[in-house]
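Work through the exercises below with the model open. Each task is followed by a stepwise solution.

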Amino acid sequence: SLQHSSWSNVFEQRKDLDEICQNLVQDMDAYGVCVVDNFLGEEKGKAVLGEVLGMYNTKGVFKDGQLVSRKGSGDLKTIRGDRITWINGTEKYCNNIKQLISQVDAVVVRANKMAMASSGKLGMYNIDSRTKAMVACYPGLGSHYVKHVDNPNRDGRCITAIYYLNLNWNVKKSGGLLRIFPEGWLGDKVADIEPVFDRLLFFWSDRRNPHEVQPAFDTRYAITLWYFDAIERKEARQRYETGRHS
Ligand SMILES: Cc1cc(NC(=O)CCC(=O)O)nc(C)c1Br
Ligand SMILES: [Fe+3]
């Protein structure tokens with residue numbers, strides 16, 4: 001009966017959820033980086049992409065990216081970096097983005113609990129909140145993001161989660177590779193992440209993972225969430241309130 005199939009569907013989802021969470025816990029222990037492909041499936045992924053494109057084509061939603069200069073033919077050419085907008089998912093025409101956010105929340109919260117039980121590195125944190133979702137678009141034409149650390153000074157963010165939306169992205173043609181330089185990886189090994197459609201990426205937000213976005217030559221979309229550790233966040237707030245901050 002309908003009742004039966006919906007239950008099997010629920011268990012099916014739970015199995016997927018368990019597998020993804022186990023994979024996340026293990027990869028964060030071993031590499032500090034974790035890639036989950038086909039996170040939403042094609043239909044839901046395309047629905048999220050449709051909402052992002054709708055926002056991008058709505059005037060004034062995306063703020064202009066910061067100007068970055070690139071060596072042109074000898075002269076300095078200034079181009080725009082990523083253009084961003086922050087959303088919490090309750091905005092109009094963002095229902096699929098809202099569902100994406102709650103799916104990522106479910107994975108992070110469950111994996112955090114699992115890691116506490118199995119004393120994985122992820123279990124050292126108590127993840128109880130996150131930022132809003134940052135929707136970013138690199139307008140192509142060589143726009144990039146310089147090498148940086150998301151959380152260099154203990155602002156509370158422990159995990160970065162990035163969901164990519166780029167259909168049939170080919171790095172050879174379009175660039176836009178995310179290159180992570182994980183601390184502690186032997187030799188000068190790096191993690192090259194192609195920003196392909198329906199890919200979800202996790203990595204430690206702190207100095208363990210400097211990263212850069214190489215120049216993109218087609219429009220490149222991503223949605224980023226940063227998850228907070230309760231204690232580090234509280235300490236950051238205290239430092240900020242007592243004015244002891246750089
Ligand atoms: C605004 C802002 C964007 C990013 N984005 C990336 O690192 C790009 C990741 C990707 O799109 O592959 N990081 C920081 C620390 C700030 Br702040
Ligand atoms: Fe970053």
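**Exercise 1.** In this predicted model, find the distance from an oxygen atom of ligand 1 to an N or O atom in the side chain of tyrosine 164.

Solution. 
- Step 1. Take the oxygen atom of ligand 1 and the side-chain atom of tyrosine 164; they are 2.6 Å apart.
- Step 2. Turn to arginine 220. One of its polar side-chain atoms lies 2.8 Å from an oxygen atom of ligand 1.
- Step 3. The cut-off for a polar contact is within 3.5 Å.
- Step 4. Check burial. Ligand 1 alone exposes 450 Å², and the protein buries 84% of that.

**Exercise 2.** Describe the shell around ligand 1 by class and by strand.

Solution. 
- Step 1. List the neighbours. Among them are Met134, Tyr138, Tyr145, Ile162, Leu178 and Val213.
- Step 2. Sort by class. The shell holds 7 nonpolar, 2 polar and 2 charged residues.
- Step 3. Strand 6 (133-138), strand 7 (143-148), strand 8 (157-164) and strand 12 (211-216) each give at least two shell residues.

**Exercise 3.** Which residues coordinate the iron ion (ligand 2)?

Solution. 
- Step 1. Name the donors. They are His148 (NE2), Asp150 (OD) and His211 (NE2), at 2.1 to 2.2 Å.
- Step 2. Read the spacing along the chain. The pattern is H-x1-D-x60-H.
- Step 3. Aspartate 150 is in the loop between strand 7 and strand 8, and histidine 211 is in strand 12, so the pair links parts 61 residues apart in sequence.
- Step 4. Compare with Exercise 2. His148, Asp150 and His211 also surround ligand 1.

Terms used
Residues are numbered from 1 along each chain as its sequence is written. Chains are lettered from A and ligands numbered from 1 in the order in which they are written. This is a predicted model: local features need pLDDT of at least 70, side-chain atom pairs count only at pLDDT 80 or more; totals for chains, interfaces and linings use all residues. Side-chain values use heavy atoms; hydrogens and water are left out. A residue is near a molecule or strand if one of its heavy atoms lies within 4 Å of it. A polar contact is a pair of N or O atoms within 3.5 Å; within protein, one must be able to donate a hydrogen and the other to accept it, and residues adjacent in sequence count only if both atoms are side-chain atoms. Accessible areas come from the Shrake-Rupley method with a 1.4 Å probe; for residues, only the protein chains shown count as cover. Helices (H or I, at least four residues) and strands (E, at least two) are DSSP runs, numbered from the N terminus. Ala, Val, Leu, Ile, Met, Phe, Trp, Tyr, Cys and Pro count as nonpolar, Asp, Glu, Lys and Arg as charged, and the others, Gly among them, as polar. Donors are N, O and S atoms within 2.8 Å of the metal (3.2 Å for Na, K and Ca); water is not among the atoms, so sites may look incomplete.
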